[in-house]
Structure formats: C-alpha cells, structure tokens
Amino acid sequence: MVELEQPILGDLPALAAQRWGDREVLCFEGQRWSFAEFSYAVDRCARGLIAIGVEPGERVAVWMVNRPEWLFLMYAVAKVGAVIVPMNTRYRSEDVAYAVAQSRCATLIVNARSGPVDYAAMLAESMPDLAAGRDGALRLSQYPDLKRLVVLGESDLPNTRSWDSMMSAGTAAGSGVSDEALATRATAVDSNDALMVLYTSGTTGDPKGAVHTHAVIRNTRERAEIYGMNEADVHMNYMPLFHLYGFSEVAIIALMTGGRQVLMSGFDAPQVLDLAEAEAATILHGFDAHWLDLLAAQDARPRRLSMRFGTYPSGTDASVDICRRVQDVFGPTVSGWGMTEAWGFVACNSLDDSVEQRTAASGKPMPGYEFRVVDPDTGVDLPDEAPGELLARGYAQMREYFDKPVETA
C-alpha cells in the first residue's frame, strides 16, 4: 500500500513507481504500462497542461470514454493543482454545455469519437461560434469561461489543440516545462484543496456539481485495507471513469495498493470474462445490471476464473437474490453504500462478514463517519429496524455544490 502523510491524488503515481517500478500496472487493448511508465506518462501530461496554460484551481472538464489518457489526466490534473470535472459520456450537446458552463471550466478535453458516438460533432452543435476565436483562443457565447479545447483523435474543429500537441508542448526543447516548475506546482497542492467537481444524476432538476477535496483518498485507502486488496490483485476496470465507482473503487484503489488494472473502454460481459480469464483477474466490480450480464455470460460459456472476490453495492430487496447467485457462481462479494455527495463507499462490510451481511446489507459506517436514521418529516431519530431517512456525516463528504449556495445550505 502506498504510504501518504498528506493524501494528494497527484502524488500517487510517483510514489507507486518508487515502490513497484517495473511491475505492470495497466493493460488496455494489448498495450501495457509499468508503474514507472505510468508515472512518466502522468508527468508528461501534467507538463502539457501547464504548457497550455492550465492554472492552479482551474477546472478541467474531461469528456471521454475509458482509455489510458483518462487515467493519466485524473492524476495529472490533480498534480498541477487544477480540478477535474468528469463529464458523463451519455451527455449530449445541451447536457455538456450546461455542466461545462455551470462549473466555469476553462479547459475541456474530449474524445473526437468513440464508436458510433461523434463527440466532436456534438460540441460543434453547441459551439456555433467556435470559428470566431483566433489562434486557439476561444470566444464562445455558450461557454463564456472556456479558454481552450483539446481534442483526442481526428477532428476538423477550428481553434482547438490536439492531444498530441498538448503532450508535446510540455517537453518541447527550449519551451517545455522544467522538473522544477512541475515540482513547484505539485508541492503547492494541499489536501484541503478541491480535487474534483462531480455532477449528480440530476433526477430532481439540473445536475449539481459536488466539490470534493483530496481528503477522499483516506476513505479509499481505508476501504482497500478493509477489503484486503493488495499488489497481487488484478482488477477488471470497465466501470465508467466519469462515475465515482470507477474513479475511486477501481482506478485509485488499484494504483494505491500496487494492483494491476485491465482497463476496458466499456462493459461487455462476454469480453469481460474472456479478459478476466486471460489476465487472471482477481477482482470484478459492478451493480445489479453488470452482475446479471456476467452471470448470463458465464452460464452460456463457463470460463476458468481466478476471482478472489467482487465488489457489489447491493442491499436493496431486488438485488439480494442476484447477489446470492453471484456467490455461488463467482465467489464472495463485499458491499457498501455511498453517493456522489458522500464519496464512494462510506459504509462497507468485509470478507469476514457472513453471507447474509454481505448480500443483504451495506456494512458499517467507515471510520470517521456517523450515520443517523430519522423520520423524514420530523427529523427525529428512529429506533433500530425502523425504516427512515439515512443521514451521513464525515470528513470526506463534499465541501459544497459548486456555485449553488442555496442547495448547499
């Protein structure tokens, strides 16, 4: 496990490289990275961000499907003291316009295309004045704070910068970013600084951006210890990185514990199990829908798996039967409960708990958290076993909803 006195997300790759160096940390579509290579890629990305003008505290929106560049960005943005704003890949033009504008992002980094989805075309639809800028400087009515747009992949959008040019800018001879400049930016980051703005689903209105600090890393680390995750583990990572589950419970945990992650651009149950068999994966992750598909795929064609356990945020009546089937087919699972505002799992159980506890409940409060169950109308505490509204309080809950003081209060 990576040791951290003051948990800063951007420090993790270099610390992991010091400890595990040449061991493999990442596999994606046949490409492989060691811990040292991963840390180098993160630093190169961080230099690129500085070179194109990203400032401390600035918000950087990332709108792309799972791929190595997403992982490099999540650490590089943090390392330079900026704030990552993950964009749901199911967003369409008006959704991304709202989130980027509401969070006042100065930088947007986007996949040009993923399969049939043309993200560049959707951006062009919401940026009719994109060509009005000059020399890459944007002047967009719908995105008044956006200064720069970086595109990964083939694109003919005007006034944008390519991913490759950004990555080269930080290491260009004579005009690159020095080791000292990068170190100065990294050492200035404080654990109380904002790390990310994570948008809620918006089921009751416009999405709200939950602002989290680097304090959440302690929560993720302590859960890895409870689950007994270690450097021998191989995580299948098909959970979307724009979502808290994939970001925290797979991407951060795998790197922090010295494990390896097999990254997939999306979820396809037969492909997941084929890769899990080939890569000797020890940990699978998922909600009900993922596990149902995995059960069906394994039933259709059994694979010889090396699974040690899975994570499964169950605990609702509908999920208990599915979760119990998973125990019979794949092996034990551990559960937990969390939400965008509180962080990933702020309650969890362990492999030492009974099958009943692991399949029909969501565990105990994590260290540093307090729970109450109250009557939603009166706010009065309810007795044990009485259903009510769950209130949670802890060190890693969000600092605020971005630029929404009324909703925050």
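Hi everyone, let's start with helix α5, residues 119-126, where Tyr-119, Ala-120, Met-122, Leu-123 and Ser-126 are buried. Looking down the axis of α5, you find those buried residues within an arc of 160 degrees, so they line one face of the helix. If you'd like the background, an α-helix has 3.6 residues a turn, so residues three or four places apart point the same way. Before I go on, please keep in mind that this is a predicted model.

So what covers the buried residues of α5? The cover includes β3 (59-63), α4, β5 and β6 (148-152). Have a look at the start of α5 as well: there, a side-chain oxygen of Asp-118 comes to within 3.3 Å of the backbone nitrogen of Ala-120.

Two of those covering elements, α4 and β5, bring me to my next residue. The loop between α4 (93-102) and β5 (107-111) holds Arg-104. Arg-104 has a phi near 55 degrees, which is a positive value in a residue other than glycine. Is Arg-104 buried, partly exposed or exposed? Its relative accessibility is 35%, so Arg-104 counts as partly exposed.

Asp-403 is another one to look at. Its phi is also near 55 degrees, again positive in a residue other than glycine. You'll find Asp-403 in the loop between β20 (400-401) and α14 (405-408), and with a relative accessible area of 47%, Asp-403 is partly exposed.

Now for the largest pocket, which has about 610 Å³ of space. Which elements give two or more residues to its lining? They are β8 (194-199), α9 (244-256), β15 (336-339) and β16 (343-348). β15 gives the most, with four residues. In total, 26 residues line this pocket, and His-243, Leu-244, Phe-287, Met-339 and Thr-340 lie nearest its centre.

My last stop is Thr-213, in strand β9, residues 209-213. Thr-213 has a relative accessibility of 14%, and since buried means under 20%, Thr-213 counts as buried. Which residues is Thr-213 in contact with, leaving aside its neighbours within four places in sequence? The answer is Ser-191, Asn-192, Asp-193, Ala-194, Leu-195 and Arg-399.

How values were computed:
Residues are numbered from 1 along each chain as its sequence is written. This is a predicted model: local features need pLDDT of at least 70, side-chain atom pairs count only at pLDDT 80 or more; totals for chains, interfaces and linings use all residues. Side-chain values use heavy atoms; hydrogens and water are left out. Buried means under 20% relative accessible area, exposed over 50%, partly exposed in between (1.4 Å probe, protein chains only). On a 1 Å grid over the protein atoms alone, a cavity is a set of points where a 1.4 Å probe fits but cannot get out, and a pocket is an open set with protein on both sides within 12 Å along at least five of seven lines; lining residues have an atom within 4 Å of a point. Grid points are joined across faces, edges and corners, and a volume is the space filled by probe spheres set on the points. The arc is that of the directions from the helix axis to the C-beta atoms. Contact means heavy atoms within 4.5 Å. A polar contact is a pair of N or O atoms within 3.5 Å; within protein, one must be able to donate a hydrogen and the other to accept it, and residues adjacent in sequence count only if both atoms are side-chain atoms.
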